[in-house]
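Biologist: I am new to this structure. Please show it, and then take my questions in turn.

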Amino acid sequence: MAMDGVEWNFLKGPISIKLWLLSQNTRDEIVKRITKHLSTNKSIFTQNFGTLDMEKAMKKAKGIEDASFAIASLHHETQPDGDGSYAVKLYAKQCSKLELELLTTLSCKSSKW
């Protein structure tokens with residue numbers, strides 16, 4: 001099919017996209033985002049539970065990301081789902097869970113009964 005002098009070739013058949021294994025660049029961006037979440041007062045969670053200083057937040061964010069990546073990778077190795085979409089979902093869910101657990105422990109430590 002030609003349009004405006006450009007030749008378009010359309011593939012026949014399904015296109016396969018692999019979502020898992022995440023690139024190191026993607027993982028680094030997730031660590032940056034978690035660090036920001038833990039160190040700034042701009043979310044409802046940090047307003048309620050408190051924040052960490054930047055250095056501690058970065059260290060904790062790296063730990064959260066590493067643990068989440070390990071869990072999702074292990075699941076993908078033992079129960080592959082083809083494109084890795086379940087591993088990505090598990091990774092995101094685990095990152096959120098660990099981040100929230102950390103924030104709630106901050107709240108417990110700062111509360112004085």
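Biologist: What volume does the largest pocket have?

Modeller: The model is predicted, so local features need pLDDT of at least 70 and side-chain atom pairs count only at pLDDT 80 or more, while totals for chains, interfaces and linings use all residues. Residues are numbered from 1 along each chain as its sequence is written, and side-chain values use heavy atoms, with hydrogens and water left out. A pocket is an open set of points on a 1 Å grid over the protein atoms alone, where a 1.4 Å probe fits and protein lies on both sides within 12 Å along at least five of seven lines. A volume is the space filled by probe spheres set on the points, which are joined across faces, edges and corners, and for the largest pocket that comes to about 160 Å³.

Biologist: Which elements give two or more residues to the lining of the largest pocket?

Modeller: Lining residues have an atom within 4 Å of a point. In the largest pocket they include Glu-29, Arg-33, His-37, Tyr-91, Cys-95 and Glu-99. Helices here are DSSP runs of H or I with at least four residues, strands are runs of E with at least two, and both are numbered from the N terminus. The elements that give two or more residues to this lining are α1 and α4 (85–110).

Biologist: What pattern does the chain follow along the sequence?

Modeller: The chain has four helices and two strands. Read along the sequence, their pattern is β-β-α-α-α-α.

Biologist: What percentage of the residues in the chain is buried?

Modeller: Buried means under 20% relative accessible area, exposed means over 50%, and partly exposed is in between, with a 1.4 Å probe and protein chains only. The chain has 113 residues, and the buried share of them is 27%.

Biologist: Is Arg-27 buried or exposed?

Modeller: Arg-27 belongs to helix α1 (residues 24–39). Contact means heavy atoms within 4.5 Å, and beyond its neighbours within four places in sequence Arg-27 has contacts with Leu-22, Glu-65, Asp-66, Phe-69 and Tyr-91. Because its relative accessibility is 12%, Arg-27 counts as buried.

Biologist: How far apart are the N and O atoms where Glu-65 and Arg-27 meet in a salt bridge?

Modeller: A salt bridge is a side-chain nitrogen of Lys or Arg within 4 Å of a carboxyl oxygen of Asp or Glu. The side chains of Glu-65 and Arg-27 form one, with an N to O distance of 2.6 Å. This pair links distant parts of the chain, with Glu-65 in helix α3 (residues 54–78) and Arg-27 in helix α1, 38 residues apart. Glu-65 counts as buried because its relative accessibility is 0%, and the distance asked for is 2.6 Å.

Biologist: Which residues are linked with Arg-27 in a network of salt bridges?

Modeller: Asp-66 also meets Arg-27 in a salt bridge, at 3.3 Å from N to O. That pair too links distant parts of the chain, Asp-66 in helix α3 and Arg-27 in helix α1. The C-alpha atoms of Arg-27 and Lys-62 are separated by 9.3 Å. In the network, Arg-27 is linked with Lys-62, Glu-65 and Asp-66.

Biologist: Why are Lys-32 and Glu-29 separated by about one helical turn?

Modeller: These two residues form a salt bridge, with the closest N and O atoms 3.2 Å apart. Lys-32 is exposed because its relative accessible area is 52%, whereas Glu-29 is partly exposed at 41%. They are about one helical turn apart because they are three residues apart in helix α1.

Biologist: Which residues does Leu-102 touch beyond four places in sequence?

Modeller: Leu-102 lies in helix α4 and counts as buried because its relative accessibility is 14%. Its C-alpha is 9.2 Å from that of Ile-64, 38 residues away in sequence. Leaving out residues up to four places away, Leu-102 touches Leu-38, Leu-52, Lys-60 and Ile-64.

Biologist: And which residues does Gln-94 touch, not counting those up to four places away?

Modeller: Gln-94 is also placed in helix α4. With a relative accessible area of 13%, Gln-94 is buried. The residues touched are Ser-68 and Ile-71.
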